[in-house]
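Please examine the sequence and the structure shown below before reading on.

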Amino acid sequence: MSTEETLQSKFPAAGLKCSQFRDNRRVVVPAESLQPLLAFMKGDLGFDFLAEITAVDYLEYEGATDRFGVVYVVVNTKTGERLVIKTFVNDPDPVLPSAYSLWKSADWLEREVYDMFGIKFSGHPDLRRILTPDEFSAYPLRKDYPLKGRGERHNFPVITRADS
Amino acid sequence: MPFDVSDLAELDAPEQEYLWTLNFGPQHPATHTTLRLILTLDGEKVVNAVPHIGYLHSGFEKLGEHLDFNQYVTIVDRMNYISPLHNEISWHHAVEKLLGIELTPRCKYLRTILAELMRIQDHLLNTGTCALDLGGFTAFLYFFQQRELIYDIVETASGQRFHTSYTRVGGVAFDVNNAWVDKVRSFIKGFAAVHAEVHRLLTRNRIFIERVQGIGYLSAEDCINMGVTGPLARASGVLRDLRKDEPYLAYADLDFKVIASKGGDCYARYLVRMQEMVESVKIIEQCIENIPEGPVNVDAGSKAVIPAKPSVYRSIEGLIQHFEVMMPNRGFPTPKEEIYAATESPNGELGYYIVGDGSPRSYRARTRPPSYVHFAVFPQIIKNHQLSDVVAVLGSLNIIAAELDR
């Protein structure tokens, strides 16, 4: 039985959508089933390696119904099997359960998604901005954030030698 | 950014008064780039380390949404500038997977040679500076001279020493000639002697060993759980190498070993990197003697490919094709799909997650940088080491700040 079939039979009510594109095998899971699915994959199916967490803002994407897609790439290091798990969250309060309790690599990856998209991860031990300064107020990789920024760089406080 | 008192408040308040705080970086010779660590010390023992990153954040991923697949290659090679060509190969590997382009055999071999040269280049700098930070200047100079030869090879192929922007969708900018092949051959010939010399300088050098052995230990379980890949994971005994596990380019045809060690410390990482260079040389040897003839770029019938310059200047079809690819309001249809594609970069798994929306630009161009994931491990493995070990561990992790912050 393939991993997708196992997941389908384990979570029959979740309505998982499995597909394949090139060599990427993908499973789309509703946000409420994400945590049990990831825990099942880590615990029972041996997907012990979380390679990647990232997000996509579908604000300007043609035909998209949800605002944010969050992507997890998990690998079974014994068999080399790789699966892309995807879920969707929406405004006004995009929150997902943190995967930190399963994979420690989720720590900084989730912090980056929070920093860039404003998607919160409940249960994350230290959800702070990581790449932008703490006082930064926007989420730069959202599609409604302009490429040139909103003047943050222009108005950045400058300390001169005289007043330091 | 000025040092802010509020930064300190978020650290665990030192329970004992004798703990003191040291700000390491962002401008420190041993960080090589702009990294900043806030270390809590008990005497010289590191009790806690909090990395502060983002000093080089330049919004590369946002730029990737505004540049087309060929233009963005000028940005990706600025991420890991120690092995720039590998980033380009990795980026276009992902793009070609999205577009469904199968490379020509010659291009596959050419890119494999370049990727392995980049691996050597990266490991040369890393092992060299690792020794340099610990006081061994000679090895660094020997290795840097070899890097210089690789720059020459890359310059002969692309016209640029460093930020080459050499790959294109479906191929490379220019084909290589016999002079280039000879350069690679003569590099391989000379490399073994220098490699052996540095081996003699460092591998059994007692001063070096005492600085790196048993330092920065990382277990295999932690490596997998914390997302560590590449030479770091292999030095801890994790047998993962995407060149073997998910072969791309020409790696399936080639005979090479995956180097691993059980040590898990800085010394094991040094040994793994040293031995990987030997394997890379073997790969290059096999490729350079068997590099297939034929076109280097895929057929220009594919709408995504920039045509060769003679055809642009001398035929109307070539000119039209060039125009279609280059003009921002034209372009070629791309699938409305998403793809994650990863390659084994010198540092570990370098992945790209690309969302295509039908235009020749990516809707989202995410990089999975190995440095970023590896630096998250740092606070854990530096605990209870001496302050002077910070430099040794940083060197062995091979953190490239431009890739870390993007």
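**A guided reading of the model**

The largest share of a nonpolar surface patch, three residues, comes from helix α6 (residues 137-158) of chain B. This is a predicted model, in which local features need pLDDT of at least 70, side-chain atom pairs count only at pLDDT 80 or more, and totals for chains, interfaces and linings use all residues. Residues are numbered from 1 along each chain as its sequence is written, chains are lettered from A and ligands numbered from 1 in the order in which they are written, and side-chain values use heavy atoms, with hydrogens and water left out. Helices (H or I, at least four residues) and strands (E, at least two) are DSSP runs, numbered from the N terminus.

The patch itself is made by B:Phe137, B:Leu141, B:Tyr142 and B:Leu201, and covers about 350 Å². Patches are made of residues with over 30% relative accessible area and no salt bridge; like charges are joined within 9 Å, and nonpolar side chains (Val, Leu, Ile, Met, Phe, Trp, Tyr) within 5 Å. Accessible areas come from the Shrake-Rupley method with a 1.4 Å probe, and for residues only the protein chains shown count as cover. B:Phe137 lies in helix α6 of chain B and is partly exposed, with a relative accessible area of 47%. Here buried means under 20% relative accessible area, exposed over 50%, and partly exposed in between (1.4 Å probe, protein chains only).

The next topic is the interface between the chains. Contact (heavy atoms within 4.5 Å) takes 53 residues from chain A and 50 residues from chain B. The area buried between chain A and chain B is about 4,300 Å², and carbon and sulfur atoms give 55% of it; buried area is the accessible area (1.4 Å probe) that two parts lose on being put together, summed over both. In chain A, the residues that lose the most area to chain B are A:Tyr61, A:Trp108 and A:Leu131, together 17% of what that side buries.

Charged groups also meet across this interface, where the rule finds ten salt bridges. A salt bridge is a side-chain nitrogen of Lys or Arg within 4 Å of a carboxyl oxygen of Asp or Glu. One salt bridge joins the side chains of A:Arg82 and B:Glu349 (3.0 Å, N to O). Among the elements of chain A that each supply at least two residues of the side touching chain B are β3 (49-57) and α3 (106-117). Of that side, β3(A) gives the most, with nine residues.

Which helix of chain B is largely enclosed by the rest of the structure? Helix α17 (residues 387-397) is, because nine of its eleven residues are buried. Among these buried residues are B:Val390, B:Val391 and B:Leu394. B:Asn398 follows α17(B) and has a positive phi, near 55 degrees. In the loop between α16 (378-382) and α17 of chain B is B:Asn384, whose phi is also positive, near 70 degrees. At 54% relative accessibility, B:Asn384 counts as exposed.

A:Arg22, in the loop between β1 (17-21) and β2, has a positive phi of about 50 degrees although it is not a glycine. A cis peptide bond, with omega about 0 degrees, joins A:Asp91 and A:Pro92, and A:Pro92 lies in the loop between β5 and β6 (95-97).
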